[in-house]
Every structure is written in structure tokens, then in C-alpha cells.
Amino acid sequence: MADLKAAEVEKAREHFEIYDWEGEGKIDARDLGDLLRSLDCKPTLAMVKKNGGSDKRGEKKLTLEEFLPIFSQIKKEKEVGTLEDFMEGLKVYDKAENGTMLAAELAHVLLSLGERLTDIECEEIMRVCDEDDDGFLKYEPFVKTIIAGPFPDEGK
């Protein structure tokens, strides 16, 4: 791949082999999003589906040669929100303009807007929130935690 460096191709190959559960040189298209995320990409579910991802296991397989152009394309995507983007969006719910919002409103947003989360996913995310006795939370630390990802210390 002309636009992937040799080190990126090698890293992609290593990660690809981890997701090659059967050892046949192919991954299940159901694992495409997870594989891309393991390579520090942040594709949306729609991006994964558009690039060959599948909802059902066993429906489709991808070889490394098919995966590398997908990886290259996803790496170029700039459709990832920034801290400022998320903060601006949540300010709508900050009625007192003090950096807080109702935890229930945040849960509603997570369950109903954009790529909707399941109840279980929402509950897991809400666990990182420090809700006060009145049901409010500071949304900036929440956004920073979410942007850092599930394993924020791995890159250090």
C-alpha cells in the first residue's frame, strides 16, 4: 500500500492475525470494527458497514489484502469529534451554565441520538460519571474520559 508505511502494514498484519480466529488468513467481517479500533482508528458503525463490515458472524470474510485498503481509508477519515465539539453539544443541556447537566439527560442523549447505545452500554458509560445528590454531573470530565477511550494509559 503506497499510503501506508511499512511499519503500519506490519502492525496491521499483527493485529489482523489476532482477529484471524481460524488461522486461515481471513477475518470475519463482523470483527472489522474491532480490528480497526485496535489499530487506533475511530470508525463509526456506519463507516465500518460502508467499508465491508457485517452484522452477522460467518456472513463474510476479509483477507489482509482486502483489509489494508480499508485500514488506509479509515485512517484518513477526519469525522471524529473533538473535545470542543462534544462540549459545545452538551452545553445545550447546561441550564445553569455552570458546566453541569442532569445525568438523566445525558443518559437520554446516549440512548437516543447519533449511533444509539444499548441500555447496557449506557449503564457502563454512566458508571464513570460523578453524579451529585441532585442528579447533576460535570460533563467536561465525562467527555475527557470518553475521548481517552477504554484503555487511556496504553499509549504511554
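User: Among contacts between residues at least 6 apart in sequence, what share joins residues at least 24 apart?

Analyst: The model is a predicted one, in which local features need pLDDT of at least 70, side-chain atom pairs count only at pLDDT 80 or more, and totals for chains, interfaces and linings use all residues. Residues are numbered from 1 along each chain as its sequence is written, and side-chain values use heavy atoms, with hydrogens and water left out. A contact means heavy atoms within 4.5 Å. Of the chain's contacts between residues at least 6 apart in sequence, the share that joins residues at least 24 apart is 62%.

User: How far apart are the C-alpha centres of domain 1 and domain 2?

Analyst: The domain assignment, whose bounds come from an automatic or database source, gives domain 1 as 6-76 and domain 2 as 83-148. Along the principal axes, the C-alpha atoms of the chain fill a box of roughly 55 × 30 × 25 Å. The C-alpha centres of domain 1 and domain 2 are separated by 30 Å.

User: What percentage of the 156 residues is buried?

Analyst: Accessible areas come from the Shrake-Rupley method with a 1.4 Å probe, and for residues only the protein chains shown count as cover. The chain exposes about 10,500 Å², of which carbon and sulfur atoms supply 52%. Buried means under 20% relative accessible area, exposed over 50%, and partly exposed in between (1.4 Å probe, protein chains only). Of the 156 residues in the chain, the buried share is 33%.

User: Which feature does UniProt place at residues 7-42?

Analyst: UniProt positions are given in the numbering used here, with feature names shortened, and annotations may be inferred rather than shown by experiment. In the model, residues 7-42 are 56% helix and 8% strand, and the end C-alpha atoms lie 19 Å apart. The unreviewed UniProt entry labels residues 7-42 "domain: EF-hand".

User: Is Asp31 buried or exposed?

Analyst: Asp31 sits in the loop between β1 (26-28) and α2 (32-38). Leaving aside neighbours within four places in sequence, Asp31 is in contact with Tyr19, Trp21 and Arg57. Because its relative accessible area is 3%, Asp31 is buried.

User: How many residues apart are Arg57 and Asp31, which form a salt bridge?

Analyst: A salt bridge is a side-chain nitrogen of Lys or Arg within 4 Å of a carboxyl oxygen of Asp or Glu. For Arg57 and Asp31 the closest N and O atoms are 3.0 Å apart. The pair links distant parts of the chain, with Arg57 in the loop between α3 (45-50) and β2, and Asp31 in the loop between β1 and α2, a separation of 26 residues.

User: Is Arg57 buried or exposed?

Analyst: Arg57 has a relative accessible area of 52%.

User: Why does the salt bridge between Glu24 and Lys61 tie together separate parts of the sequence?

Analyst: The side chains of Glu24 and Lys61 meet at 3.0 Å, N to O. Because Glu24 lies in the loop between α1 and β1 and Lys61 in strand β2 (residues 61-63), the pair ties together parts that are 37 residues apart in sequence.

User: Which helix holds Glu10 and Arg13?

Analyst: The search of the whole structure finds 11 salt bridges, and one of them joins the side chains of Glu10 and Arg13 (3.5 Å, N to O). Glu10 is partly exposed at 38%, and Arg13 is partly exposed at 32%. Because they are 3 residues apart in one helix, about one helical turn separates them, and that helix is α1 (residues 6-19).

User: What type of aromatic pair do Tyr19 and Trp21 form?

Analyst: Rings of Phe, Tyr and Trp (its six-membered ring) pair if their centres lie within 6.5 Å; planes under 30 degrees apart count as stacked, over 60 as edge-to-face and the rest as tilted. The structure holds 3 aromatic pairs. In the pair of Tyr19 and Trp21, the centres are 5.7 Å apart and the planes stand at 65 degrees, which makes it edge-to-face.

User: Which residues form one aromatic cluster?

Analyst: Phe67 and Phe71 form a stacked pair, 5.9 Å centre to centre with 10 degrees between the planes. Both lie in helix α4 (residues 64-76), 4 residues apart, about one turn of the helix, and both Phe67 and Phe71 are buried. The cluster consists of Phe16, Phe67 and Phe71.

Conventions. Helices (H or I, at least four residues) and strands (E, at least two) are DSSP runs, numbered from the N terminus.
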